[in-house]
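Work through the exercises below with the structure open. Each task is followed by a solution in steps.

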Amino acid sequence: MLAEIDGIGRDPIRGGHSRHLFDDADRELRDWFVSTAKHLGLEVERDGNANLWAWWHPAAGPRYPAVITGSHLDSVPGGGALDGPLGVVSALEAVSRLRAAGHEPARSVAVVVFAEEEGARFGVACLGSRLLTGVLPAEKALELTDSAGHRLREVLAGNGVDPSGVGADAERLARIGAVVELHVEQGKQLAPLGRPLGLATTILAHGRWSLRITGRGDHAGSTELSSRRDPVVVAADVIKAVRQAAVDAPPQAHARATVGRLSVTPGGTNAIASEVVLWLDARAERDEEVRDLVSEVSAVASTAAAAEGCTVAVQEESFSSRVAFDGPLTDRLDRVLGGIPRIPTGAGHDAGVLAAFAPSAMLFVRNPEGVSHAPAETASDADIARGVTALAACLAELT
């Protein structure tokens, strides 16, 4: 099935794939999912938060609490082929295999495609699961805007999703009895162990912040250096401070801090910028360690801005506390799979959001080079097949 969707959203400039909420690629992928799930005999619906659900019910009818599996189909700009889609395709394959083998579930199973997991269009990761659980208030989410100034409210309405139905869905959430998400490994922990599969233990606390640095636009040739108020100079200091703050954190914090996106206004080669917005991604073992890191960066930004005659405003866009996956559920799956490595992850996932509301676990497929969120992300066909087999065994055990 992965081959069926590989060409969708190919990015000719960045390489890899660019698939963002309700762009052409995302709509095509959604259509593919609906068609494929229906072909497998599943009942497909879209919830009020634009998440897709493909249900496999017992012969006697729906029975809850259900087992939920799946992942997402959207990507970061120029992302790999597996981050998200592997979990969706593996779930469909696992369900198809169980049905063909005559397995009759004692409770309902759903393959879910969560909307905007990467947050590449509207800036909030795990948007669909955050809305479903109420972690993100609907009124705040609907006013989010993309880079072109389109509000989420308008984009949803334009794609047949009623904005008045967006938000926490307690009834649907109560139907979830267990969550198992399969995902390509992000990082390189399994390869050194010589093991193709792993189970997640924790997710680092993490969040996103925007830093808006405002200066004064001017002419690059006629403006003396002494009279400049250049936000790009401030941004350079901030970016160096981001790396240094992570380096200086205690080793046990496993801190990571990244600036991967900047917006410079007006963006002319021969013009001094009037404004720079940069986005900080910060992660660490504990919530307070992340916030300490962001405070250090903010302090450097304020000092650098004052020295250059600029101003800076820091805004939190999203934050996720440290997640510990359900111990009894993970132990149960480990027994089914014959004992496999348990590894932490620094990447956020929808299963991590749902972990606060239902027993959740994650299964990782080995990534031999450890590269993710980039075109070089990979897993072998043999390991992917092992992942499908393992997920099918887990679903059979839980249903």
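The model is predicted.

**Exercise 1.** Find where Arg261 lies relative to the ring of Trp279.

Solution. Arg261 lies over the face of Trp279, and the distance to the ring centre is 3.7 Å. A second case involves Arg172: its charged end sits over the ring of Trp53, 4.9 Å from the centre.

**Exercise 2.** Classify the pair formed by the rings of Trp53 and Trp55.

Solution. A pair of aromatic rings is described by the distance of the centres and the angle of the planes. The count of aromatic pairs comes to four. For Trp53 and Trp55 the centres are 5.8 Å apart and the planes stand at 10°. Planes under 30 degrees apart count as stacked, so the pair is stacked. Trp53 has a relative accessible area of 0% and is buried; Trp55, with 5%, is buried too.

**Exercise 3.** Classify the pair of Trp209 and Phe319, and state which strands hold the two residues.

Solution. The centres are 6.2 Å apart, with 65° between the planes of Trp209 and Phe319. Planes over 60 degrees apart count as edge-to-face, so this pair is edge-to-face. Trp209 lies in strand β7 (residues 205-214) and Phe319 in strand β12 (residues 311-320), so the pair ties together parts that are 110 residues apart in sequence. Trp209 is buried at a relative accessible area of 4%, and Phe319 is buried at 16%.

**Exercise 4.** Compare the span of helix α3 with the expected value.

Solution. Helix α3 covers residues 85-100, which is 16 residues. From first C-alpha to last, α3 reaches 22 Å, close to the 22 Å expected at 1.5 Å a residue. Its buried residues include Pro85, Leu92 and Leu98. After α3 comes Gly102, with a positive phi near 85°.

Terms used
Residues numbered from 1 in each chain as written. Predicted model: local features only at pLDDT ≥ 70, side-chain atom pairs only at ≥ 80, totals over all residues. Heavy atoms only, no water. Helix = DSSP H or I, 4+ residues; strand = E, 2+ residues; numbered from the N terminus. Expected span 1.5 Å × (residues − 1). Buried < 20%, exposed > 50% of the residue type's maximum accessible area, 1.4 Å probe, protein only. Phe/Tyr/Trp six-rings, centres within 6.5 Å; stacked < 30°, edge-to-face > 60°. Lys NZ or Arg CZ within 6 Å of the ring centre and 35° of its normal.
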